[in-house]
Amino acid sequence: MTEDVVLGLGSNLGDRRGNLAAAVRALGEKVAVTAVSSIYESPAVIFEEQPDFLNLVLVGRTALAPTDLLRFIHGIERAAGRVRSFRGAPRSIDIDILLFGDRSIHDEGLVIPHPAWKERAFVLAPMAEVVPGRVDPESGKTVQELWRASAPLPAEVRRVFPPPYPEDPSSVPSEENS
């Protein structure tokens, strides 16, 4: 059995677009990618004295259980050189499980839906592109309703690259190739 999953990806170190592309390809090993949003650039929100982030949202289906998906994601992050030195630290790649089916999970080390996704324009904007009708299992509101309630897009969060071609969602271009 597979379940729908919505993941948020961000990078602010090195070749940010290349890091996103590599993460999308790596996720494809265990997640059947069905959509990838545009890429948005935004400043950091927790520790502000660091480079801006590139962010996107990936939609797919997986047979992994939520805890297994989290372990898989942590492996991708480690392989990309992510070091968890402190909360909000700069990172080559950050992958968050935003939604997993219609589940609501509140365990130590795993909270789904992601606890802050509804408050972050750099998450809501790309989600509104790729899953506007998706219902938040906690509020009962759609992504589009949540986005409209937070709109307009803050000036510091801007769409910088269109989505990759739908026939190849892993084709996110790198910054070095643009």
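Guide: A count of aromatic pairs comes to 0 here. The model is predicted. A ring does take part in another kind of arrangement: Arg-17 lies over the face of Phe-161, 3.6 Å from the ring centre.

As for the setting, the protein chain has 4 helices and 8 strands, and from the N terminus the order of elements is β-α-β-β-β-α-β-β-β-α-α-β. Of its 178 residues, 49% count as buried. Among contacts in the chain with a separation of 6 or more, 70% come from residues 24 or more positions apart.

Helix α3, residues 121-130, is largely enclosed by the rest of the structure, because 8 of its 10 residues are buried, that is, under 20% relative accessible area. The buried residues are Ala-121, Phe-122, Val-123, Leu-124, Ala-125, Pro-126, Met-127 and Ala-128. What they pack against includes the strands β1 (3-11), β3 (39-42), β4 (53-62) and β5 (94-100). Helix α4 (143-150) is also one of the elements that the buried residues of α3 pack against.

The other two helices to consider are α1, residues 16-27, and α2, residues 66-79, whose axes come within 10 Å and cross at roughly 145°. This crossing of α1 and α2 is right-handed. On the α1 side, Ala-23, Ala-26 and Leu-27 meet Phe-72, Ile-73 and Ile-76 of α2. Sorted by class, the contact of α1 with α2 holds 6 nonpolar residues, with no polar and no charged ones.

Notes: Residues numbered from 1 in each chain as written. Predicted model: local features only at pLDDT ≥ 70, side-chain atom pairs only at ≥ 80, totals over all residues. Heavy atoms only, no water. Buried < 20%, exposed > 50% of the residue type's maximum accessible area, 1.4 Å probe, protein only. Contact = heavy atoms within 4.5 Å. Axes fitted to C-alpha atoms, helices over the stretch in contact; angles between N-to-C directions. Left-handed = near helix turned anticlockwise from the far one by under 90°. Nonpolar A, V, L, I, M, F, W, Y, C, P; charged D, E, K, R; others polar. Phe/Tyr/Trp six-rings, centres within 6.5 Å; stacked < 30°, edge-to-face > 60°. Lys NZ or Arg CZ within 6 Å of the ring centre and 35° of its normal.
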